[in-house]
Amino acid sequence: MKRILSGIQPSGKLHIGNYFGMMKTMIDYMENSDLYVFIVDLHALTSVHDRERLGQGTLEAAADFLALGLDPDRCTFWVQSDLPEVCELTWILSTLTPMGLLERCHSFKDKTARGLTASHGLFSYPVLMAADILLFQSEIVPVGKDQKQHLEVARDIAIKFNNIFGDTFVVPEPAINESTAIVPGVDGQKMSKSYDNTIPIFLDDKPLRKRVMAIQTDSTPVEDPKDPDTCNLYALLKLFMTPQRLAEIRDLYIHGGAAYGHIKQELFELIRDYFADARLKKKELLANPDYLRGILGSGADKARAKATFTLDLVRDRVGLKY
Ligand code: ADP
Ligand code: TRP
């Protein structure tokens with residue numbers, strides 16, 4: 001059985017890009033793998049400095065995963081900061097991470113280009129992520145395309161460590177589902193919590209409809225032909241529509257007759273129905289935060305057993321034992 005691991009930041013409401021890019025893949029992996037899923041609150045701290053928001057966001061992200069079908073008895077599910085061991089490994093790895101490797105990371109370059117002041121934490125974010133992955137000897141890491149470079153950093157660090165200190169870490173492989181690699185937001189850019197362009201999974205009907213109606217489309221008249229493959233609305237339809245209905249809509253795009261307003265209404269109904277059960281389940285879960293805390297606490301205990309094993313080995317390999 002392959003060991004599969006991935007994490008998500010509790011830095012805002014989880015959206016359909018997170019769902020198709022990562023959460024659904026992880027939930028599907030439950031069937032036949034040794035699965036590790038966690039909420040990376042230490043990473044979120046690089047952008048959220050608000051006690052209430054971070055704490056509540058963490059509980060909500062946990063409720064989201066469980067409501068969408070993650071079964072904590074068939075995986076290891078915890079909150080990153082409950083295992084401070086990862087911070088020790090981060091330090092050890094950071095002593096062999098070249099500055100240049102981190103300076104080249106797109107997510108750091110993009111954030112600073114957008115005017116976010118770069119903290120040391122934001123800069124060293126990929127080292128913490130490498131520690132997350134290597135601490136559990138993960139073989140496969142399912143992520144959206146935006147995280148591919150961070151995975152390469154984790155691989156580079158693992159290889160360098162193994163070269164210097166002897167075989168210690170499994171070198172992880174990314175798993176990127178090409179059909180959902182980048183889900184576009186309502187403005188056509190990558191859907192992201194940081195760009196205010198998301199369609200959150202757990203919106204009530206009215207705000208959900210408003211959000212779907214806000215999807216940007218061009219102003220081509222209904223009867224004119226349109227290119228489905230450059231249309232942001234069409235890219236979102238592909239995630240929810242049956243192949244038959246999608247083929248009909250594609251035909252309308254190509255030969256004229258695609259009315260964006262009607263198509264958006266159809267998309268709204270599809271999203272509403274797709275997540276209807278999960279929405280109810282999430283409400284129930286959030287009504288009982290102590291139940292959620294209990295699940296996360298047991299998950300942390302399970303995760304700690306594995307983490308301690310690797311960390312002991314690492315401490316020994318580098319000479320932190322005397
Ligand atoms: P965000 O950009 O919204 O802050 P995160 O960085 O927390 O999202 O990403 C969590 C997971 O969801 C990652 O695996 C990431 O690759 C995936 N993901 C995020 N946005 C998208 C998207 N628009 N399309 C596909 N996958 C995505
Ligand atoms: N950086 C990832 C993101 O923003 C989240 C993350 C942190 C992660 N640690 C990880 C993903 C380890 C996979 C494995 O999406």
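**Ground rules**

I number residues from 1 along each chain as its sequence is written, and chains are lettered from A and ligands numbered from 1 in the order in which they are written. As the model is predicted, local features need pLDDT of at least 70, side-chain atom pairs count only at pLDDT 80 or more, and totals for chains, interfaces and linings use all residues, while side-chain values use heavy atoms, with hydrogens and water left out.

**Ligand 1**

I found an oxygen atom of ligand 1 at 2.7 Å from a polar backbone atom of Gly 144. With Ser 192 it is a side-chain N or O atom, at 2.9 Å from an oxygen atom of ligand 1.

**Ligand 2**

Ligand 2 has 14 residues around it, the closest being Gln 9, Tyr 125, Met 129, Asp 132 and Gln 147. I noted a nitrogen atom of the ligand 2.7 Å from an N or O atom in the side chain of Tyr 125. For the side chain of Asp 132 I also read 2.7 Å, from an N or O atom to a nitrogen atom of ligand 2. On the oxygen side, a polar side-chain atom of Gln 9 lies 3.1 Å from an oxygen atom of ligand 2.

**Largest pocket**

Next came the open space. The search runs on a 1 Å grid over the protein atoms alone: a cavity is a set of points where a 1.4 Å probe fits but cannot get out, a pocket is an open set with protein on both sides within 12 Å along at least five of seven lines, and lining residues have an atom within 4 Å of a point. Points are joined across faces, edges and corners, and the volume is the space filled by probe spheres set on them.

The largest pocket holds about 1100 Å³. I get 48 lining residues, with Gln 9, Tyr 125, Asp 146, Gln 147 and Lys 190 nearest its centre. The elements giving two or more residues to this lining are strand E1 (3-8), H1, helix H6 (106-113), H7 and helix H8 (148-165). Helices (H or I, at least four residues) and strands (E, at least two) are DSSP runs, numbered from the N terminus. H7 gives the most, six residues.

I sorted the lining by class, with Ala, Val, Leu, Ile, Met, Phe, Trp, Tyr, Cys and Pro as nonpolar, Asp, Glu, Lys and Arg as charged, and the others, Gly among them, as polar.

**Largest cavity**

I count one cavity of 30 Å³ or more. The largest cavity has about 40 Å³ of space. Its lining is Phe 38, Trp 78, Gln 80, Leu 83, Val 86, Asp 132, Leu 135 and Phe 136. That makes six nonpolar residues, one polar and one charged.

**Lys 282**

Is Lys 282 buried or exposed? I use buried for under 20% relative accessible area, exposed for over 50% and partly exposed in between (1.4 Å probe, protein chains only). At 9%, Lys 282 is buried. This lysine lies in helix H13 (residues 276-286). Its side chain makes a polar contact of 2.8 Å with the side chain of Glu 60. Contact means heavy atoms within 4.5 Å; beyond four places in sequence, Lys 282 is in contact with Glu 60, Ala 63, Asp 64, Ala 67 and Phe 202.

**Helix H10**

I checked H10 (residues 232-240) and found seven of its nine residues buried. Among them are Leu 233, Leu 236, Leu 237 and Phe 240. Their cover includes H1, helix H11 (243-255) and helix H12 (260-274).

**Positive phi**

Two non-glycine residues went into the notes. Gln 137 has phi near 50 degrees and is buried at 17%, in the loop between helix H7 (120-135) and strand E4 (140-142). Asp 196 has phi near 55 degrees but is exposed at 65%.

Notes. A polar contact is a pair of N or O atoms within 3.5 Å; within protein, one must be able to donate a hydrogen and the other to accept it, and residues adjacent in sequence count only if both atoms are side-chain atoms. A residue is near a molecule or strand if one of its heavy atoms lies within 4 Å of it.
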